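Me: Got a model up here. Can we go through it together, starting with the packing inside?
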Amino acid sequence: MIIQATEQEGYEKLSQELRRGVVILAALSQLQTPQYGYSLIDRLAERGFNIDQGTLYPLLRRLESQGFLDSMWNVEGSRPRRYYVINEAGRTILAQLSHDWQSLAEVMQRLLNDEGV
Amino acid sequence: MDLIERYLGAVSNYLPAKQRNDILAELRSSIYDSLERNDQALDDQAAVVAALQALGEPAKVAAAYGNNRQYLISPALFPQFRSVVLLVFSIMIATQLGLALLGSLGNQRLNIINTIWGVIGNLPATFGLIVAIFWGLQQLEVDTEFEPKKPFDPRKLPAITPASEKVGRGSQLFGIAAQVILLGWLMQFQAEGGFRWFSGQGFFENPVISQYFALVVVASIVNIVVDLVVLWRGVWQTSTRIASLAASGLSIIVLFLLIQGHSAWLVNAGYPNSLIELSKLGTMIRENNMAIGMSAFYYGLTFTAFFVIVDAGYTAYKLYQERSRAQQNEVVATA
């Protein structure tokens, strides 16, 4: 039982590491229109990509401070919300990362097929 | 509602002041969104607990907003830090035990527990002092996270240097340890208005140290920082030699002022500078005779000044050699 639990924990950690790299790509891809934190989580979940709030909110701020997103507070709704939207620099980086992702996916597919996984 | 504010309060404890309010406002708004999305009321405690658990532990959430530099001493500096701590602690323990044994020779009374307690009691403050010095040094060296880093160029690695040009790790560490201990003593002097020894027995107030206190502390800190930078670089270069020479120059000025001050005090008090007083050192220290203390300081400082001058002379000579060699190379290259 203990071994099974350890294996499950190990899998979860590795799976988390695997997904960590593509979280940025997933977030940037869904910010063509302004989104606030929770709406982006919803939007990603609807498309099959689940992400923790504790991971996404700091990531949005980091992308903004790196100049790939713009943000503004909107006070018109039921409560003030901070909206994020991709900007020109973000679009450029998204295009580059998307290209990298396609190449990587193809390579990985070949590697896994060769090994019959 | 109360639970949400308590959660935000806990997160705010770990956030940098500059961004605190903005991050908290965004988190608050997101928590309300999460509850609203699931049709849960703010007074439904189980729902609020679940929403906050989904967000994560306050410290971890706040850390995710940080810049990943949540340490006092960087991994790059840690080996030097560890060496300095070990050396300083060893010297302190050995010196204090030695002094305690010396003090007990006359009166045959040595309280082991008090002695050990006296030694251990000084270690935390010394440790804090070393941490503060390394932290200060690290602040001088850190670069900003988003500053583009230049690619590593192996051609810019320093040339292989002969063993004589490599910094002697042992002597450098010994110098740092001695300066840290001096700083520790100065802090004690500042706190108590004088020096104590033998498990708190005996008290000696030195008016000359009081007069030049700030200057001695500054010179000591400058020397520690320069020694650490030299130790960190690991190789003697023109820049490290110049820095070392400048620090020695400052030490010589301060030592000269202190020696002059002690000499003047001894002359005024009617004690000529002679070794006779030193022969009665043990007895007179126990009697708290100020003249012997001042005399011991006078000779100690003179002895130190002699070594600092010799060391500075050697550094100046090596610097001169280096410059001459560089000029010769330039002449050859031009020809």
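Me: Which residues touch the most other members of the largest nonpolar core?
Reply: This is a predicted model, so keep that in mind. The largest nonpolar core has 44 residues. Leu56(A), Leu69(A), Tyr7(B), Leu27(B) and Ile31(B) touch the most other members.

Me: Which elements give two or more residues to this core?
Reply: From chain A, helix H1 (2-29), H2, H3 and S3. From chain B, helix H1 (2-12), helix H2 (20-37), helix H3 (45-55) and helix H4 (58-65).

Me: Take Ile31(B). What does it touch, not counting residues up to four places away in sequence?
Reply: Ile31(B) touches Ile4(B), Tyr7(B), Leu8(B), Leu52(B) and Leu55(B).

Me: How many residues apart along the chain are Leu3(B) and Leu52(B)?
Reply: They are 49 residues apart, with 8.9 Å between their C-alpha atoms.

Me: Switching to the interface. How many residues of chain A are in contact with chain B?
Reply: 18 residues of chain A, which meet 19 residues of chain B. The two chains bury about 1,700 Å² between them. Carbon and sulfur atoms account for 48% of that.

Me: Which three residues supply more of the area that chain A buries than any other three?
Reply: Tyr38(A), Arg61(A) and Arg79(A). Together they supply 33% of what chain A buries against chain B.

Me: How many salt bridges between chain A and chain B? And how many residue pairs in polar contact?
Reply: The salt bridge count is 8. For polar contacts, 10 residue pairs, both residues at pLDDT 80 or more.

Me: Which elements of chain A give two or more residues to the side that touches chain B?
Reply: Helix H2 (37-46), helix H3 (53-65) and strand S3 (81-86). H3(A) gives the most, with 7 residues.

Me: What's the make-up of that side of chain A by class?
Reply: 7 nonpolar, 5 polar and 6 charged residues.

Me: Let's zoom in on Arg81(A). Where is it found?
Reply: In strand S3 of chain A.

Me: Why does Arg81(A) count as buried?
Reply: Because its relative accessible area is 9%, and buried means under 20%.

Me: Which residues is Arg81(A) in contact with, leaving aside neighbours within four places in sequence?
Reply: In chain A, Tyr36(A), Met72(A), Trp73(A) and Asn74(A). Across in chain B, Ser29(B), Asp33(B) and Glu36(B).

Me: Which side chain meets Arg81(A) in a salt bridge?
Reply: The side chain of Glu36(B), at 3.7 Å, N to O. The side chains of Arg81(A) and Asp33(B) are also joined, by a polar contact of 2.6 Å.

Me: Last topic, chain A as a whole. How many helices and strands are there?
Reply: Chain A has 4 helices and 3 strands. Reading from the N terminus, the order is α-β-α-α-β-β-α.

Me: And what share of chain A is made up of buried residues?
Reply: 34% of its 117 residues. As for contacts with a separation of 6 or more in chain A, 45% are between residues 24 or more positions apart.

Key:
Residues are numbered from 1 along each chain as its sequence is written. Chains are lettered from A and ligands numbered from 1 in the order in which they are written. This is a predicted model: local features need pLDDT of at least 70, side-chain atom pairs count only at pLDDT 80 or more; totals for chains, interfaces and linings use all residues. Side-chain values use heavy atoms; hydrogens and water are left out. Contact means heavy atoms within 4.5 Å. Buried area is the accessible area (1.4 Å probe) that two parts lose on being put together, summed over both. A salt bridge is a side-chain nitrogen of Lys or Arg within 4 Å of a carboxyl oxygen of Asp or Glu. A polar contact is a pair of N or O atoms within 3.5 Å; within protein, one must be able to donate a hydrogen and the other to accept it, and residues adjacent in sequence count only if both atoms are side-chain atoms. Ala, Val, Leu, Ile, Met, Phe, Trp, Tyr, Cys and Pro count as nonpolar, Asp, Glu, Lys and Arg as charged, and the others, Gly among them, as polar. A nonpolar core is a set of buried Ala, Val, Leu, Ile, Met, Phe, Trp, Tyr and Cys residues joined through side-chain atoms within 4.5 Å. Buried means under 20% relative accessible area, exposed over 50%, partly exposed in between (1.4 Å probe, protein chains only).
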